[in-house]
Each structure stands twice: as C-alpha cells, then as structure tokens.
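Please read this report alongside the sequence and the model.

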Amino acid sequence: MIVRLGFVAMTLNLEDASPSKTVTVTSYNKIENNDGKRHRLEKLTKTNLQNTLRILRFCAANDIYVYRFTSKLVPLATYPSIEKWNYYDTFIEEFREIGDFVKENNIRVSAHPDHFTLINSPDEKVFKDSLRDLEYHYNVLKAMGLEDKRYKLVLHVGGVYGSKELSAERFIKNFSKLPPYIQNRIILENDDKSYNAAEVLKICKSLKIPMVFDVHHYQCNNAGESIKDILPEIFDTWNNEYFQPKIHFSSPKSKKDFRSHADLIDLDDFLSFLDIAKNLGRDFDVMLEAKSKDNALFDLMEKLKGSGKVKIINNSTFEC
C-alpha cells in the first residue's frame with residue numbers, strides 16, 4: 001500500500017510566497033478610478049500566480065505530488081462589480097505555465113471552495129452565488145488547461161436548515177442543476193458538525209461521485225459508524241477515477257479546542273488510522289490540513305521514519 005502526503009496552498013519554506021494576496025472590498029472601493037482598481041487586482045493576481053508556480057516547483061523538488069490550490073488566486077473574482085473582468089486572457093501565459101507544470105509532473109491538484117458555497121441552501125440567491133463561485137474555480141482550472149475531470153473541487157454538503165433529511169435531498173436536487181463540467185469536478189467531504197461520514201457517503205453513492213474521508217471531522221462528528229466498516233465503501237466511490245482515493249487528516253489543537261487544527265500531526269493518531277487502512281491494501285493520498293503546512297508534512301515523514309513501521313520511498317511517500 002503506497003501512501004502519498006500533500007499540503008494546502010502555502011509553503012513555509014519559501015520567502016514571501018503567499019499565493020493568496022488579496023484586497024478587501026472596502027479598500028478596493030476606496031481606490032478612486034477604474035484604472036487604479038484594475039491595476040491593483042492585476043498586480044495581486046500576477047503575484048499569486050507567480051507564487052503558485054514557485055510553490056509547485058518546490059513541491060516537485062521535494063517529491064510532493066498532492067497539492068491544494070488556494071481559492072484566492074484571483075482576488076475578488078466573484079465580486080459583482082469586477083465579475084466581467086477577463087483575467088483568463090490577461091494572465092493566459094501564467095495560467096498555462098502552472099497547468100503545464102502540473103501535467104508534466106502529474107501533480108494531483110484540487111481546490112476547496114469556501115464555506116459560503118452552499119448548493120443545498122433553500123435561498124435561491126445563495127445557490128446562485130454558490131454556482132458563481134464554482135464557475136470561478138472551474139474557470140481557473142480551465143485557464144490552466146486542467147480541463148480533465150481528475151482535478152477536483154471539494155465541498156461540504158452544507159447547512160441543515162431545520163431538516164437534515166430535506167437538506168440532503170435539496171443538495172441532490174440542486175446538484176442536478178449544475179453544469180455537467182462542474183458536476184464531474186465535485187467531491188464531498190464529511191464535516192465536523194452537521195453531516196457525518198455515513199450521511200455523506202449515502203449522498204455520494206446516490207450521485208455517483210467520490211467522497212473524501214476527513215478523519216478529524218469523523219472524530220468530531222459521527223453516529224457510531226466505525227472507520228473499519230465505512231472506509232472500504234468510501235474508497236470504492238473512487239473506483240472509476242484517475243487518481244486513487246484521498247483522505248483529509250489533521251490533529252485536534254487541544255482537548256478544549258478539539259475542532260481546530262493543530263500545527264503538526266499526532267503520530268499515534270496517524271498510525272492508528274494506517275492500521276485500519278492497510279487492511280484494504282489500496283493506495284491512497286492524504287491531504288494534511290495542519291497549520292504548519294509543508295513543515296507538518298516533513299515533520300510527519302521524519303516521525304514515520306523513526307517509527308520503523310513504514311518503508312520510506314521519498315520525502316512525501318511511504319509504503320505500509
């Protein structure tokens with residue numbers, strides 16, 4: 001069983017490499033003229049794209065092939081007054097350079113639209129705003145030349161809105177309203193408060209889409225379903241996909257603040273999960289959602305190496 005580790009958006013090992021530089025709506029609106037506003041957005045976007053490519057090069061140099069793009073590559077991209085800005089053509093070379101690098105190095109990239117993207121909302125405006133955000137994420141991938149459905153968008157089911165059952169049904173109904181090119185990008189993740197793993201798996205099976213199992217969220221929110229019993233079914237949702245199954249892993253910050261992510265990954269918790277997963281004999285990828293980003297990945301690999309319980313393959317990959 002081969003396991004690969006990845007991290008989210010930001011590396012702590014490159015200087016001034018944030019891919020998420022942005023401007024607030026308030027500050028943007030204070031800029032006096034349209035040329036000044038456009039210059040501000042173009043400068044930030046170019047920096048974000050350049051830093052993203054720097055991070056991807058860093059990943060490849062360190063054998064890291066699982067990476068999540070920030071959702072803030074293009075600042076205020078879904079803000080109504082600039083929505084018609086054709087940033088794809090403005091930065092076509094930068095976008096394509098990123099996409100070419102991803103394809104040349106077979107990097108598994110994804111994105112995770114923000115928590116306000118709620119396609120199961122009973123409010124039609126919220127649904128339309130969510131669709132706008134999904135279109136933005138798709139258009140960014142398209143501008144990169146990453147039009148293959150292997151490059152996914154991770155979502156939560158959304159809110160409960162007084163009835164979890166009706167809200168789950170509404171998710172399925174509203175999913176059918178999405179364009180096919182967005183439908184085939186979406187994968188669902190269990191969350192830490194509302195929809196547990198069994199409930200999300202049921203929706204994924206209904207829609208025939210993959211599920212990401214978040215171990216930390218499972219620890220926060222479950223109905224007694226065991227990882228041992230549910231994991232095979234979750235992994236099976238990936239059977240027709242290009243990439244192997246993927247999970248999310250983080251450790252609780254503290255007993256008091258259990259839902260928040262710790263800086264690093266607890267080795268014992270991680271090994272406990274591996275003991276269950278290795279019985280399946282399936283390769284899978286792990287997106288680490290630790291606060292220390294890539295440093296948490298390198299720290300975990302050192303801990304795994306010291307444990308003597310895995311065979312280290314490279315800086316982010318091991319065999320059980």
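Which residues does D192 touch, not counting residues up to four places away in sequence? D192 touches H217, C220, N221 and R259. Contact here means heavy atoms within 4.5 Å. D192 lies in the loop between strand 5 (186-189) and helix 8 (197-207). Its relative accessible area is 19%, so D192 is buried. Buried means under 20% relative accessible area, exposed over 50%, and partly exposed in between, with a 1.4 Å probe and protein chains only.

This is a predicted model, in which local features need pLDDT of at least 70 and side-chain atom pairs count only at pLDDT 80 or more, while totals for chains, interfaces and linings use all residues. Residues are numbered from 1 along each chain as its sequence is written, and side-chain values use heavy atoms, with hydrogens and water left out.

**The whole chain**

The protein chain has 12 helices and 10 strands. The radius of gyration is 20 Å, close to the 20 Å that the globule rule gives for 320 residues, so the protein chain is as compact as a globular protein of that length. That radius is taken over C-alpha atoms, and the globule rule is 2.2 Å times the number of residues to the power 0.38. Helices (H or I, at least four residues) and strands (E, at least two) are DSSP runs, numbered from the N terminus.

Along the principal axes, the C-alpha atoms fill a box of roughly 60 × 45 × 40 Å. Of the 320 residues, 51% are buried. Among contacts with a separation of 6 or more, 77% are between residues 24 or more positions apart. The accessible surface of the protein chain comes to about 14700 Å². Carbon and sulfur atoms hold 46% of that surface. Accessible areas come from the Shrake-Rupley method with a 1.4 Å probe; for residues, only the protein chains shown count as cover.

**Helix 10 and helix 11**

How do these two helices cross, and at roughly what angle? The axes of helix 10 (residues 227-236) and helix 11 (residues 267-277) come within 10 Å and cross at roughly 65 degrees. Axes are lines fitted to C-alpha atoms, for helices over the stretch in contact, and angles run from 0 to 180 degrees between N-to-C directions. In helix 10, I227, K228 and L231 meet F273, I276 and A277 of helix 11. By class, this contact has 5 nonpolar, no polar and 1 charged residues. Ala, Val, Leu, Ile, Met, Phe, Trp, Tyr, Cys and Pro count as nonpolar, Asp, Glu, Lys and Arg as charged, and the others, Gly among them, as polar.

Helix 11 also holds D269. Leaving aside its neighbours within four places in sequence, D269 is in contact with F249 and P252. D269 counts as partly exposed, at 31% relative accessibility.

**Distances along the chain**

D269 and K291 are 22 residues apart along the chain, and their C-alpha atoms are separated by 17 Å. E93 and A143 are 50 residues apart, with 9.3 Å between their C-alpha atoms. E93 lies in helix 4 (residues 92-104). At 64% relative accessibility, E93 counts as exposed.
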